[in-house]
Amino acid sequence: MLKDISIGQFFPGKSIVHRLDPRIKILLVFGFIITLFIVRNLVSFGLIILFLTVTVFTAKIPVKTVLKSLKPILPLILFTAILNIFFIDGHVLFRWGWIRITEDGIRLAVLMIIRIVCLIIGASLLTYTTSPIALTDAIERLLSPLKKIHFPVHEMAMMMTIALRFIPTLIEETDKIMSAQKARGADLETGGLMKRAKALVPILIPLFVSAFRRAEELALAMECRCYRGGEGRTRMKQLKLTVSDWVIAVFVTAFYIVGILMNLWIPALF
Amino acid sequence: MAIIRVEHLTHHYSPGTPFEKTAIDDVSLEIEEGELVGVIGHTGSGKSTLIQHLNGLLKPDSGKVYINNTDIFESKETLQKIRFQVGLVFQYPEYQLFEETVYKDIAFGPTNMGLNPLQIREAVERAVSAVEIPSSMLEKSPFELSGGQKRRVAIAGVIAMNPRVLILDEPTAGLDPKGRDTILALIQKYHQQEHNTVLLVSHSMEDVAKYATKVLVMNRSQLYAYEDVDSIFTRAAEIEKIGLSVPQITKVFHQLAELGYPVNSNTYRIQEASEQLLRLLKKKGEQEC
Ligand SMILES: Nc1ncnc2c1ncn2[C@@H]1O[C@H](COP(=O)(O)OP(=O)(O)O)[C@@H](O)[C@H]1O
Ligand SMILES: [Mg+2]
C-alpha cells in the first residue's frame, strides 16, 4: 500500500540526538556530507561508520528502519557499483571475453558504495530525529540573512511546513480514491502505457479537487486566526542554543576535521 | 441460500510495524439474499474494513469470503467480476466524482463493465430514477451540484452497475436531517423494488431500527451480533453495555414495561409505539368512565 512509504518519517524521542538544536543538526549534516566527499582513506571511513553507528544507537532508531531507508536507492547503488567495476581502467584482475574487472574499478566501486550508503543514512538520521516543524523552523532561521535581499524566507518555510504536513493526508486520500474507483471497476493495473495514463484521470481529478478544497479551507482557517505572514510574528517555542548544543557542535566538527586531515597521512583508497 | 458468506476473516493493518492494528478478528457470518442489513458499531470497530473485504478491495490475512458460493479471491478475473456484483459506496462518495458531466460520471461503472452504449444509457437512466435526480441535471458538471445532490449522483454511479449486493458506508454522514431521511428512504425504496441485498453502515440505531430487516453489530474488531431487528432490542441492556445506544422509543418502552404497564418492551418503531400507547390510554380512559 502507498501508506507504507517511509520517506522523511519522524521517530519521536528524547535522546541527545533528538534534543540537539535543529539548526546545528542541519549544519552538522551538511558538514558530514562534505567530509564524506573529501575523505578518501579507509581509516577515516571506519571512523565515519563508527560515528554513524553511535548516532543511530544513541537516537534509538531501530536498525531495521535505517536499513529500510536504503531500499529505494538499492538500484542506484548497484548501478554505480557495476559501472565502476566494469568500466574503470587499471590493473586487470580478471578477464572473460570483453568483460574485465580491474583493481581500481573495485576500489572505486567500494568507495562509491560507502559514500552513498553513509550519505543516505546520515541524511535520514536528520529527518528521523527532527520533527518536520522543527526542521522548517531551523531552515527559516538559517536562511534569515536572505531576508535582507527580500527573499521570502518565512513564506518558503511556511510552505514547506504545510507541504510536509499534508503529504500523509494526500497519500491517504489517494488510497481512498483509488479504492473507490476500483469499486466501480476501474482497472489500474493492466494495459499499455496510454491506457494506464488514461486510467489515472479518475484518480488525479478528485485528488486535485480535494487538494484545492483543503488549501482553501486551510487558508481560511489561518486568516481567521489572523495569520498575515512572518512580519511581527512571535513564537511559542524559541530556538535557543544551549551549552550542550555548542559542545556537541564543536566536538563533531573537530571529528570531521580530524577525518579530513587523515587524508594527508594515510594512503587513499583511490 | 446465503449470498454473502464470510469465514474466520481476520485483517491487520500495517502488519509487522509498531503501528500494527487488528481491524477484523475472526469474523464469520452468512447473509441471506434480499436482506437490508444495518451494520452498526463504534468508530474504529471495523465496519469499513469488513465491508471492503466483501468486494475484495482488501485482502484478508486469513479467512475466506464467498459471494454467491464463489471464493472471491479465487482468481483475478473472479475478483474483477465480483466488483460489479458487489457495489460499494464509500463514505463521502461525492469526493470521487471526476467526469465533465453527471451522466458521464454515472456511466463510468457500466462502461468499465463493457456494456454497449445502449445498455449504458439504460443503466444510467435506471440509476438516475432510483436516486430521483431530475434528468435536467444530467448534462451539468458534477462539481456544480449541492452536497446532497452530489452524494446522490455518487450513489447512482454504483447503482448503475446493477449490483446484486449494494453496500453503503455511512451514506448519510455530514448531511442535514432532511437530506439524511431522503437518502435513507431512497435506499429503502430501491431495496424494495429490486429485492437485492443491501448493507447499510450506520452510526444511528434509530435509522437501523427504522429501515433495516437485520442488524449486524461490530464491537472491537469482532462480530458482536447478527440477528433480526425484532430480536436485537430484547438485548437492549447488553447493547448499551458495549456503548451503543438503542432507539429512544425502545428505552421508553423498556421503562414502561418495568413499571408494570402492559406494553411490548421490544418496541423500536414510532408507528408501533404510538399504536400501543393509544391502546393503553384508551383502556385507561374506559376504566375511568
Ligand atoms: N488504512 C488504515 N491503516 C491503518 N489502520 C487503519 C486503516 N483503516 C482503519 N484502520 C484502523 O482499523 C480500525 C478499524 O477501522 P474501520 O474499519 O475504519 O472502523 P469503522 O469503519 O467501524 O469506524 C480502526 O482502529 C482504525 O484506526
Ligand atoms: Mg468507517
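**Contacts between and within the chains**

Between chain A and chain B the count is one salt bridge. The model is a predicted one, and the values that follow are computed from it. The bridge joins Asp105(B) to Arg184(A), with 3.1 Å between the closest N and O atoms. By class, the side of chain A that touches chain B has nine nonpolar, four polar and five charged residues. Four residue pairs are in polar contact across the interface of chain A and chain B, both residues of each pair being at pLDDT 80 or more.

How much area do chain A and chain B bury between them? The figure is about 1,700 Å², and 62% of it is on carbon and sulfur atoms. Ala183(A), Arg184(A) and Gly185(A) supply 36% of the area that chain A buries against chain B, more than any other three residues. In terms of residues, the contact takes 18 from chain A and 24 from chain B.

Helix α2 of chain B, residues 76-85, also meets chain A. The buried residues of this helix are Thr78(B), Leu79(B), Ile82(B), Arg83(B) and Phe84(B). They pack against α8 of chain A. Within chain B, the buried residues of α2(B) pack against α1 (47-54), β4 (62-67), β5 (70-71), β6 (86-89) and α3 (102-112).

Glu173(A) is placed in helix α8 of chain A. Is Glu173(A) buried or exposed? Glu173(A) counts as buried because its relative accessible area is 10%, under the 20% cut-off. Leaving aside residues up to four places away in sequence, Glu173(A) touches Leu207(A), Ser210(A), Arg213(A) and Arg214(A). Met222(A) lies in helix α10 of chain A. With residues up to four places away in sequence again left out, Met222(A) touches Met158(A), Ile162(A) and Tyr227(A). Met222(A) and Lys182(A) are 40 residues apart in sequence, and their C-alpha atoms are 36 Å apart in space.

In soluble globular proteins, nonpolar side chains tend to be buried together. The largest nonpolar core in this model has 54 residues, and those touching the most other members are Ile106(B), Ile133(B), Ile159(B), Leu166(B), Leu168(B), Val217(B) and Phe233(B). Helix α5 of chain B, residues 147-159, provides the largest share of this core, six residues. Which residues does Leu166(B) touch, not counting residues up to four places away in sequence? They are Gly87(B), Val89(B), Val158(B), Ile159(B), Tyr190(B), Thr197(B), Val198(B) and Leu199(B).

The remaining topic is the salt bridges. The structure holds 19 of them over all chains. In chain A, the side chains of Asp21(A) and Arg23(A) meet in a salt bridge of 3.1 Å, N to O. Both Asp21(A) and Arg23(A) are buried. Also in chain A, a network of salt bridges links Asp137(A), Glu140(A) and Arg235(A).

In chain B, Glu94(B) forms a salt bridge with Arg151(B), and the closest N and O atoms are 2.9 Å apart. Glu94(B) lies in the loop between β6 and α3 of chain B and Arg151(B) in helix α5 of chain B, so the pair ties together parts that are 57 residues apart in sequence. Glu94(B) counts as buried at 11% relative accessibility, and Arg151(B) is buried with a relative accessible area of 1%.

Another salt bridge in chain B is formed by the side chains of Lys251(B) and Glu240(B), at 3.9 Å from N to O. Lys251(B) is in helix α10 (residues 248-258) and Glu240(B) in helix α9 (residues 236-241), eleven residues apart. Lys251(B) is partly exposed, with a relative accessible area of 37%, and Glu240(B) is partly exposed at 38% relative accessibility.

Definitions and conventions:
Residues numbered from 1 in each chain as written. Chains lettered and ligands numbered in written order. Predicted model: local features only at pLDDT ≥ 70, side-chain atom pairs only at ≥ 80, totals over all residues. Heavy atoms only, no water. Contact = heavy atoms within 4.5 Å. Buried area = accessible area lost by both parts, 1.4 Å probe. Salt bridge = Lys/Arg side-chain N within 4 Å of Asp/Glu carboxyl O. Polar contact = N/O pair within 3.5 Å; in protein donor to acceptor, adjacent residues only side chain to side chain. Nonpolar A, V, L, I, M, F, W, Y, C, P; charged D, E, K, R; others polar. Core = buried A, V, L, I, M, F, W, Y, C linked by side-chain atoms within 4.5 Å. Buried < 20%, exposed > 50% of the residue type's maximum accessible area, 1.4 Å probe, protein only. Helix = DSSP H or I, 4+ residues; strand = E, 2+ residues; numbered from the N terminus.
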